[in-house]
Amino acid sequence: MRSVHVTRGRLLRGLTALVVGTATVGVAAGPAMAQDDPGWVGAWLDDLTVGGPGAPGRTVPLTLTSTGATQPRVTVDLTGLTGVATASFPDYCTTEGASVTCPMPPTAVDDFGTLTGTVPVVFRAAPGATDGATGTLAYTALGEQTEPSTQQATITVRSGPDLLDLVHESVSGVAVGDSLPVPVAVMNAGDQPVVDLRLTMSFPVGLIPASYRNCRYGTNTSLATVVVCTVRGTFAPGQRHELRQKLATTVGPATLGSKRITQFVEPLAGAGPLPSGVKLTRREAEQGLRLRPVGDPLDVIPAGVTGAAGQTYLRSVQGAFDVVARGATVTGAVGDTVRVTVGLRNEGPGVPDATLSGGGVGSFLFVPPVGTTVVGNPSSCWLNGDEESAGDAPTTYYCNGPGGVFPAGLTHTAAFDLRIDSLAGTPGEVRPFERYPRVDDNPGNDVAPVTVG
C-alpha cells in the first residue's frame, strides 16, 4: 500500500474547505479529522576508540532505521569532539558548521516496510589530541513530522599499538580429505608500531593445522587443536601483514558439521595468559610462520574491522559417522531389582561437535520395559516431560550426553535400577535424543531394545 503524506499546509486548507462546505449545507461538523501516522525514525552509533594522531582513521557505521516516515534523516552535532576527534561523512550528507545531516542512505534496504541503512563515518584523532582524551557527539534521528530522538556516542583517543585481525570468511563446499588454506592477516590500527606479536588459533576437532617452528600446539577439552605462535617483526601503523601462502589445514575424517576456526592477535609485550587447561608442545617443522607486509599502509580502516579476533567459518562438512544405540538384556524374578546399562556408542569416524552453538551432543532417551518400575537412576538422567500429563505415552527418561563433543570410539552409558513387577510386558528401548548434526549413515542401529526376562 502506498503511504500518503499530508503536509501541514494541505491539512489546514482541507480543514478550511470542510468547515466552509458544512456551513453552506447546514450540516453539523463530524468528528475531528485524524492526522496520518507520522512514522518512526531511529539511529544508532557505537562508542569508539581511535588511535592517537597519525593512526589510521576508523570507519564506523551510523545505522538509520525508519518505518513509515517521510524524509528520514539523522543530524550529528560534532561540537563535543572539538580537540578530540574529527569525523568525515559521505558526499550525500550536508554540513553546516559543526552540524552534519545525512538522509537515509541510497543503499538502504527495505524489509517489510522498514528501511535500514548505514552511513559510514570515518573518525580519527584530532591533531594534538592526547592519550585518554574523550569527547561526545550527539545525533538526532527525525522525519518530517516525527518526534526527534537524540542520543550520544563517546569517542576516546588511545595512543599506542592496536592490533586488529582482518580475517572474517565463510567457506562452503569443504569435504573430508581437502587441504584448506586458512588466511591469516593482521594490521596495526594504533599510532605506534608493534614489535613482535602473539597469534592464538583454535581448530575444532577434525581439522589438522600445518606445523611451524615458532608455534606450540595442544588439545583442549573439546578436542580442538589450540595453536600459539610467537611472530617476530615490526608491525607499523596502518600496514597490513599476511601469511602469504595461508595456513594449510587438513580436513580430517573426524570433521563433521559446521566449524569455526578462530584467531586472536595481541602484542607480545603485555600479552594475556596462555589458554588454560591446554598443554602446549612444539612440533618438528621445517618452516616458520611469518607475516609479511602487503600493499601500502592504509589511511582508513574499513568498516567491519573492529577487533583483535577473527574467524574462518566452514559450512556443513558432510563427514561420515555412525551412532549406535546400546540396549540391554537382563534376567530376574518378579519382585527383584535388576540393573540395566544403556546408552550410545559413536563408531565414527566423524565426531558430532556442538561447541559452535554451545550445546551438548550424545544425549539419549530411555524407555523402561513395560512391567518394570525405575527405582534408581543416575543424576544425569531424569523424566522427560510431566509424567502425570503424559497420558498413554510410555515413561521416558532423558540422559545428558558426554559434553560438547561425542568422540569416535566412545561409549556413553547410564545405569538404571529396575524393579520387576511382571514378566509379560513389552521391551523398552534406547535411542538418540536428537539426530545431530544430521541422520547418521546407518540409522537402522539407532534404536536398541531393553528386555527383562
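Visitor: Start with the contacts: how many join residues at least 24 apart in sequence?

Guide: Among contacts between residues at least 6 apart in sequence, 78% join residues at least 24 apart. Contact here means heavy atoms within 4.5 Å.

Visitor: What kind of model is it, and what was counted?

Guide: This is a predicted model, where local features need pLDDT of at least 70, side-chain atom pairs count only at pLDDT 80 or more, and totals for chains, interfaces and linings use all residues. Residues are numbered from 1 along each chain as its sequence is written, and side-chain values use heavy atoms, with hydrogens and water left out.

Visitor: What is the mean pLDDT?

Guide: The mean is 91, and 91% of the residues reach 70 or more. pLDDT is the predictor's confidence in each residue, from 0 to 100.

Visitor: And where is it below 50?

Guide: Over residues 1-34. That stretch has 15 contacts in the model beyond near neighbours in sequence.

Visitor: What share of the residues is buried?

Guide: Of the 453 residues, 41% count as buried. Buried means under 20% relative accessible area, exposed over 50%, and partly exposed in between, with a 1.4 Å probe and protein chains only.

Visitor: Change of topic. How many aromatic pairs are there?

Guide: The count comes to four aromatic pairs. Rings of Phe, Tyr and Trp (its six-membered ring) pair if their centres lie within 6.5 Å; planes under 30 degrees apart count as stacked, over 60 as edge-to-face and the rest as tilted. One of the pairs is Phe366 with Phe416, which is tilted, at 4.5 Å centre to centre and 40° between the planes.

Visitor: Where do those two sit in the chain?

Guide: Phe366 is in strand 30 (residues 364-367) and Phe416 in strand 34 (residues 411-420), 50 residues apart. Phe366 is buried because its relative accessibility is 0%; Phe416 is buried at 0% as well.

Visitor: Why is the pair of Tyr397 and Phe416 edge-to-face?

Guide: Because their planes are at 70°, with ring centres 5.4 Å apart. Tyr397 lies in strand 33 (residues 397-399), so its pair with Phe416 in strand 34 ties together parts 19 residues apart in sequence. Ring pairs link Phe366, Tyr397 and Phe416 into a cluster.

Visitor: What about Thr396?

Guide: Thr396 is in the loop between strand 32 (381-383) and strand 33, and is buried, with a relative accessible area of 12%. Leaving aside neighbours within four places in sequence, its contacts include Phe366 and Trp382.

Visitor: And Gly404, buried or partly exposed?

Guide: Gly404 counts as partly exposed, because its relative accessibility is 22%. Its place is in the loop between strand 33 and strand 34. Not counting residues up to four places away in sequence, Gly404 touches several residues, among them Pro352, Asp353 and Val361.

Conventions: Helix = DSSP H or I, 4+ residues; strand = E, 2+ residues; numbered from the N terminus.
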